[in-house]
Each structure stands twice: as C-alpha cells, then as structure tokens.
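Student: Hi, could you walk me through this one? I'd like to go through it piece by piece.

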Amino acid sequence: MEELYSLVDHLSNLSRIKLSSEEKDLIAGQLKDILGAAQKVQELDTGGVPPTTHVFYQWRTREDVPAESLPVEEVLRNVPERESSLVRVPRIKSLDE
Amino acid sequence: MNYRPVIGLEIHVELKTETKMFCSCSAAFGEEPNSSCCPVCLGLPGSLPVINRKALELGVKAARALNCTVEANSRFDRKNYFYPDLPKAYQISQYDIPLGHSGYLEVEPLTGKPIGIQRCHLEEEAGKLLHHGGSLLEAEYSLVDYNRAGIPLLEIVTAPDLISGDEAYCFLNELRLLLLYNRISDCRMEEGSLRCDANISLSPVNSNSWGNKVEIKNLNSFKAVKAALEFEAARQEEVLSRRGEVLQETRHWDENQRKTFSLRGKEEAADYRYFPEPDVPPLQLDGIWIQKVEDSLAETPAERRRRYREQYGLKEGEADLLVAHPSLADFFDRAAIKYKGYRQLFNWISGEITRIARQKNISPEVLDSGALVETLQLMDEGSINRGTARKVLEEALVEGKNPAELALDKGMEQITDTGALGELVDEVLRDNPRAVGDYLEGKKKAGNFLLGQVMSRTRGKADPSVVKEILEEQVHPRKR
Ligand SMILES: [Zn+2]
C-alpha cells in the first residue's frame, strides 16, 4: 500500500496537480484496480508474440513544400493572455516553490 | 591523485528544410511570432502529423555521414512533459529505436581520433520562450512564439570519448563542417539552429571508474563549450582534491562571470512517460532509398583538405583555412575548374574575395567565380597589373560587369608601350634632380619616390616592375 501512495505522489508531482489526503485515498484505490487489470494481461504467455506498437503499419511521407498556416488571430483565439502576437504565460517556477 | 576528464556532448541541429517535421508550416527564421502555426503543430484535437520526407532524408544523411547504422524500422515516440514551450504538452521524438546509432566521426584536427556517436535521432523543435525580466527563474512572466515548435531537429549524442575542452571544440568544428558541406543544417548558433550541452565527469587516472556526471547547459558558442568544460574540470578536481563529492547535477554556464552555476532546486529524475507515438506509424525505410541517400553524401572535410593538398598543391594551413569556410571552398572549387594557377587562386580568394565579401556584406556563395578567373587571366596576359586587377575584380563582382570590358572602358589597361613609359621616366628624372642625386648616392627611399612619381603620372596603369627597369636604365648614365 505504501508503494501505491508513493506512486500517487509521483503522478501528482508529474501532472502538477495537488491532491488532498482524501483524494489520495480515492486515487490510490482506483490505481490499485487499474494496475490489477493490467497485471491480469501479464498473466498471458506472450513469449512468441512480437511486440505490437501500432495496429496500422502503412506509413507515408509528404513533400517538403510550405502551405498556408493559420492566421495569427486564429492561432491566438483561445489564448488567455497575449502581448502583441506573442503568448504570455506565467513565470516558470522551480519545483521547490 | 590525478584525474582525467571524461566528456560527452549532446548536440541539437535544426534541419535545413522548408517546412516543419510533421506539418507544412514554413520553417523560415524571423517570421512574425505565431504566424507559422497550424492545427498539427499546435496539437489541436483531430489533427494528424505526416512525416516530412526531406527531414527524414537529411536525418538518414546525417546518420550515414556519422558512420551510424541506419535503423530501417525506426519509429517515433511520445515524450511527455509540461512546459510552456510545448503547445501539445508532448514532443514527438525517438526513444528506444533511434534512426541512427553506433557511429563515429574521425576528427582530422585531432589527428584523426574517432569520436563515438552513440545515437542520432529525429524530433521536433520546441517553441521559443522569451523571459521577461532577467533569467529563467527570475522572470516575472514569459512570452512564447510557437513558430519554431515543430521544426525538424536532429539530436546527436557522442560517446564519452573526449578528454578536454579543446577536444570538444575541435570535434564540434569538424561536426559543423560535415553538416554544412552536406547541407543538413545551417548550424547557426546565434539563431539557435545548433545547440550543444556537455557532460563531464572526472575519473582517476589508471582507473576505469567514473565520477559523478555534471551536465552543463546554456553554452552559446563553441568557445563557451571549451571554456565551460575547462572551468568544470578544474572545479571538480578541486572538489575531489579536498575529498569532497561532486554532485550529479545540471549546471548553467554564465558567459559574463565565466563560471558554471548549480541550478539548485530538487531535481526529481525526469519521467517523460515515453510511449510509441500513436499518430505516426513506424518507419519502413527501403534499403535502396537509404543507399541513394548515402550516395548523395558530400566528401568529408578531411577528404576535402586532402584534395586541396594533393590535387591542387595547397599547403596544409591553406587547405585547412579553405575547408573551414565552406562558402570560400565552394568558390575555390568553382574557379579551379577554369583556372589552373591554384596557389594564385587561393591567395586571391583568401585575400580579395574575403575582403570584398566582408566589406560589401555579400556571401561568397553568390559571388561570380568567373569574374575572378577572367581578372586573373587578364593579369597573367599582362593586360592589367595587380593593383588594377583588384579594382576590376571588385567592380566586376559588385556590379556584375565583365572584367575585360571594365579594363578597356575605364582605360585601366596597363601601359605596356615602353617608348611612352621611357618619355615619362625622362620627364620625372628631369623634374627631380635632387632625388636623382640622392638615389645615385645609394638612398633607397629616393628610388621609391621616383618610382611613385612615374606611377602617379600613369595613374597606376603601368607595371611597376617595367617602370623600375626603365628607371634603372635611365638614372645611371646621369651620374656625374
Ligand atoms: Zn504547423
């Protein structure tokens, strides 16, 4: 169980979401079920099966020819804060703050 | 105890393409902020990335230029992290099957020492963050331009084969030339199209154990790489000599203080949650295509230096100088097809062509090599002298005029009529009896003065060596 809680802390840190202790309890429980389900799959013997990363192996490429991009106004339409045509974001905090 | 530095480099270069890695937005530098963005590079829902064939080709070209094994079934992976320079909150990169691996680059200026290339892989560039008010951590807020986000990027990771700042410097120069001659990247550090991080640890001499590795960031030039590595080697040695511990950490190079600084802050081991990129199917590169790309490789800087030495008879330093400046070397190659006085050619390219290019701010790439060849031919025929040739060349290059016509039009053609010159010399000698007297008494300066007088009366159109001969002939009979 302790392992599960340190995993929850790690995930909360990675996703920059602060969790209350009740939330941690809730998520630790859910995580246990999720990991359990994944564990179930691992019971299968996949020794002779090559790993599959994609179901669709048909790949293609495109020519290196520029095409129209979006108008700047369109690009910035959902941006909460801007300065001329730049996106303004809060200062980047270090992890200790 | 004695220590030796163990150094590895991680280099990122933007590939020389017209468009981004996975969309058709322009990859041009210096556009209006956020004007080269589309649903794909902004990661809007429902958009799908499609690989830029040219970027793939340049990636394979770089891999083969670095003697790497090309992985035909390479694939892309998703690297997840939160940072405002990533509009998608992930970067499409390559993780466990990079495009190229297990290569090396022989660095001729390090007497051909091979430096291992662990891997080179394709990924997308991040956006550009401008920190408002001071450094990264002191900024009040940041501004983001996503034009750069999605530009094809090649990451090259060396083996820890370098042992000094100087070796790192030489390696980077050789790598840059290799990429430039193959037109893989512009390698402009000032525009950010080439960046380098370095890692260094100290290892006791006569031991295979390695100390803790320090990564150095914020290196803005090859000279900074060298200086930062030298500083860091000394700092670590000092720590170890007083039995301290070198912390495994990332440090920033401060160009003004010429020191590295710890970024402090707890660094949790990064967890990028890599997984195979679901939106880009794995590559299935065709062997014939890979071979075709390999066949298009330019000669290596080392091969080029050898060619200049052996085929054109240039001295080692001359060949090095030419190869270090690709636009001059290409100019030389274009001119050498039509002009066989290779040493003369080299002298004019390293002298006049370099001067004109610098003064007029024109790249030698666009200068007409034919103009130099014709000018040198006019000079060799004796139609114009060296000084005139310089003027003709500059006008021909800057204004695109024909050197032969320039020489004629401007009356720049050399006076070769010795009769006319003889009269001029006679005039000058009669007008300057004192100088003649001085010269006959052995004062060299007076001779130069007389020569200058004749040259100025011809407005520089005479061959000084011919004038000198006539002067000698005429001055001695005047001895009393
Ligand atoms: Zn785009």
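Predicted model: local features only at pLDDT ≥ 70, side-chain atom pairs only at ≥ 80, totals over all residues.

Student: Great. Which residues coordinate the zinc ion?

Tutor: Four cysteines of chain B do, each through its SG atom: Cys23(B), Cys25(B), Cys38(B) and Cys41(B). The distances run from 2.3 to 2.4 Å.

Student: And how are the donor residues spaced in sequence?

Tutor: The pattern is C-x1-C-x12-C-x2-C.

Student: Why is the arrangement called tetrahedral?

Tutor: Because the angles between the four donor atoms at the zinc ion are 99 to 115°. For four tetrahedral donors the ideal is 109.5 degrees.

Student: Are Cys23(B) and Cys25(B) buried or exposed?

Tutor: Both are buried.

Student: OK, switching to helices. At what angle do H12 and H15 of chain B pack?

Tutor: About 55°, with 10 Å between their axes. That makes H12(B) and H15(B) oblique to each other, and the crossing is right-handed.

Student: Which residues make the contact?

Tutor: From H12(B), they include Leu421(B), Val425(B) and Leu429(B). On the H15(B) side, Val467(B), Ile470(B) and Leu471(B) are among them.

Student: Last one: how many residues of H7 in chain B are buried?

Tutor: Nine of the 11, so the helix, residues 326–336, is mostly covered. Phe331(B), Phe332(B) and Asp333(B) are among the buried ones.

Student: What covers the buried residues of H7(B)?

Tutor: The cover includes helices H2, H5, H6, H8 and H9 of chain B.

Terms used: Residues numbered from 1 in each chain as written. Chains lettered and ligands numbered in written order. Heavy atoms only, no water. Donors = N, O, S within 2.8 Å, 3.2 Å for Na, K, Ca; no water. Tetrahedral: all angles 85-135°; square planar, octahedral: opposite > 155°, others 65-115°. Buried < 20%, exposed > 50% of the residue type's maximum accessible area, 1.4 Å probe, protein only. Axes fitted to C-alpha atoms, helices over the stretch in contact; angles between N-to-C directions. Helix = DSSP H or I, 4+ residues; strand = E, 2+ residues; numbered from the N terminus. Parallel < 35°, antiparallel > 145°, perpendicular 65-115°, else oblique. Left-handed = near helix turned anticlockwise from the far one by under 90°. Contact = heavy atoms within 4.5 Å.
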